[in-house]
Amino acid sequence: MTNELQKQKPPCLSIIVLNWNLGRMTQECLASIRTHTSGVEYEILVVDNGSNPEEKSIVRDACSLHGARLIELDQNLFFGEANNIGVEAARGQFILLVNNDVMVTPGYIGPLLRALETAHRAGAIGAELRYPDGRLQEAGGYVRPDGWTIRHGLTRPPAGILSGAGLHIVDYCSAACLLLRRDIFLEAGGFDPLFDPGYFEDVDLMLRLRAMGLYTYYCADASVIHKENATSKTIWNSRRRKTIINRNHRKFVERWGEFIAGRVFGSAEPPHYERIAWSAKRTMPDQVQNLFLKGPGLVGRNRTWSHIVQVAGALRDNAYVTFVADEACSRSRIYTIAKAWGQILGEFSVMRASDVNRQPDDTMVLLQSNRQDRTEITSGDGPLLSQVKEALNRMNSPASSPKTGS
Amino acid sequence: MTPLQARCSKDSNLLILPSPEKMDCLGLPDRVTCRESVGHRMDQQDELTALKDRNAELEARMNLVTALLHDSMSSLSWRIVYRYRQLADKWRWRRSYDRKDA
């Protein structure tokens, strides 16, 4: 399947749809995409976030009916990470993120693509969102100085100057229907795992684009129907949702507070945001050996993974590192985490523990933090084991503690 | 169309300029002069890009301020002020109408 895909000419646009236990809704979403997307070569990618078997089979059927590629995850990695995985698997120059509770309308794609190609320093383009009964849900979004967001047009009719036909520069647009360039999305680091499991990750991404000198535009000429919160309502009750929103709001203000508070009456500039320099995946020379670094659970911002990333950084010239975790993980996530800890990584791969196919010369090391906050090798063998031990000893020494950052 | 818009749209189809009413608020000087020499082409491009950047930055800020104002006017206190203002206007108009009538 992968070889077949590589032989095919890559499409211009990749449409990424997430699904979690809402097979019928995803089916409708895919049908609307197939019906109303025209004038552009495109592919559809569905990322299933660990749905139950019944729902998964509905999605499988829908994908085969509509010719969509399906990426199946074993557990729910939530909105940001699942989208990152989808974007990395996409082949198009442009990516359109679509929620599965969205129904696209005729002629929606033309204005979005035109806007991304022609607007001045366009980083992302969002469509107008409407409820199924026709009420306006969002005509672009803005961030208040206190960090809370304004969904323009939700509570009262929108200001004419901000919603007339054409394009309008906004702070953010909801990622329910958002068009971006794939390379820009990846250079920005994708959705930040800091905001897992959800909320504020899209606003954060678009402010990062602004810090990179790119603007987000709201395109009033493209309209889609969005049911809103279809998935999150089934995962969390309203109290839990509020807690997550408040927690992520605090993180958001911690990162962007100075800029958003100072830009209305002052002249605060967005903080400098360095683009991620992606090293392309390529075959390493024969003398470089494979090193599998396995950690417990999912790749995250904890002490164990901090040390695993540091070991990978220290051995980047001697080994081809593969991070092994219980569940799939995007390369964006690893890059973002490494960047937050001030680590520079060379080439690497990410693999699910169940997919590892080890050769005799490969080194496999399982690392875990103990109660004294020291990371130790739980099990391991292979020619590079001694080098991993050395690197780990250097890290566990009191002088070198990981550089943490937001 | 302002002279700046005319100039920019002639040079490039890349610029998304705000509507004329927004442009008037920006206070941008209409000082883009037409230099026909080929040698100045690069300078012109730089100048145009700089203007587009400034234009976009100003539009972003103006849209933000408009949205903030619009949002603040949807609060309860603002609605009360707005309602009283409407009432005041209504009675003011009625009084003047009555006087004229008399």
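These exercises, each with a worked solution, explore a predicted model.

**Exercise 1. Describe the interface between chain B and chain A.**

Step 1. Start with the residues in contact. On chain B there are 24, and they meet 28 residues of chain A.

Step 2. Turn to area. The size of an interface is often given as the accessible area lost when the parts come together. Here about 2200 Å² is buried between chain B and chain A. Carbon and sulfur atoms give 62% of that area.

Step 3. Look for polar links. Seven residue pairs are in polar contact between chain B and chain A, both residues being at pLDDT 80 or more.

Step 4. Find the elements on the chain B side. Helix 2 (20–26) and helix 3 (41–72) of chain B each give two or more residues. Helix 3 of chain B gives the most, with 16 residues.

Step 5. Sort that side by class. It has 10 nonpolar, six polar and eight charged residues.

**Exercise 2. Is A:Asp74 buried or exposed, and what does A:Asp74 touch?**

Step 1. Locate A:Asp74. The loop between strand 3 (69–73) and helix 4 (78–89) of chain A holds this residue.

Step 2. Compare its accessibility with the limit. The value for A:Asp74 is 53%, and exposed means over 50%, so A:Asp74 is exposed.

Step 3. List the contacts, leaving out residues up to four places away in sequence. A:Asp74 touches A:Gly50, A:Glu327 and A:Arg352.

Step 4. Pick out a polar contact. The side chains of A:Asp74 and A:Arg352 are joined by one of 3.2 Å.

Step 5. A:Asp74 and A:Asn52 are 22 residues apart in sequence, with their C-alpha atoms 9.4 Å apart.

**Exercise 3. How many residues of helix 8 of chain A are buried?**

Step 1. Count them. The result is 11 of the 11 residues, so helix 8 of chain A is largely enclosed by the rest of the structure.

Step 2. Read the names. Charged residues are among them, including A:Glu201, A:Asp202 and A:Arg208.

Step 3. Look just past the helix. There A:Gly213 takes a positive phi of about 90°.

Step 4. Look at the loop between helix 7 (182–187) and helix 8 (201–211) of chain A, where A:Pro197 lies. A cis peptide bond joins A:Asp196 to A:Pro197, with omega about 5°.

**Exercise 4. Where is confidence lowest and highest in chain A?**

Step 1. Begin with the whole chain. The mean pLDDT of chain A is 84, and 93% of its residues reach 70 or more.

Step 2. Go by element. Helix 1 (residues 2–7) of chain A is lowest, at a mean of 57. Strand 4 (residues 94–98) of chain A is highest, at 95.

Step 3. Over residues 402–406 of chain A, pLDDT stays under 50. The model has 13 contacts for this stretch beyond four places in sequence.

Notes. Residues are numbered from 1 along each chain as its sequence is written. Chains are lettered from A and ligands numbered from 1 in the order in which they are written. Side-chain values use heavy atoms; hydrogens and water are left out. Contact means heavy atoms within 4.5 Å. Buried area is the accessible area (1.4 Å probe) that two parts lose on being put together, summed over both. A polar contact is a pair of N or O atoms within 3.5 Å; within protein, one must be able to donate a hydrogen and the other to accept it, and residues adjacent in sequence count only if both atoms are side-chain atoms. Helices (H or I, at least four residues) and strands (E, at least two) are DSSP runs, numbered from the N terminus. Buried means under 20% relative accessible area, exposed over 50%, partly exposed in between (1.4 Å probe, protein chains only). pLDDT is the predictor's confidence in each residue, from 0 to 100.
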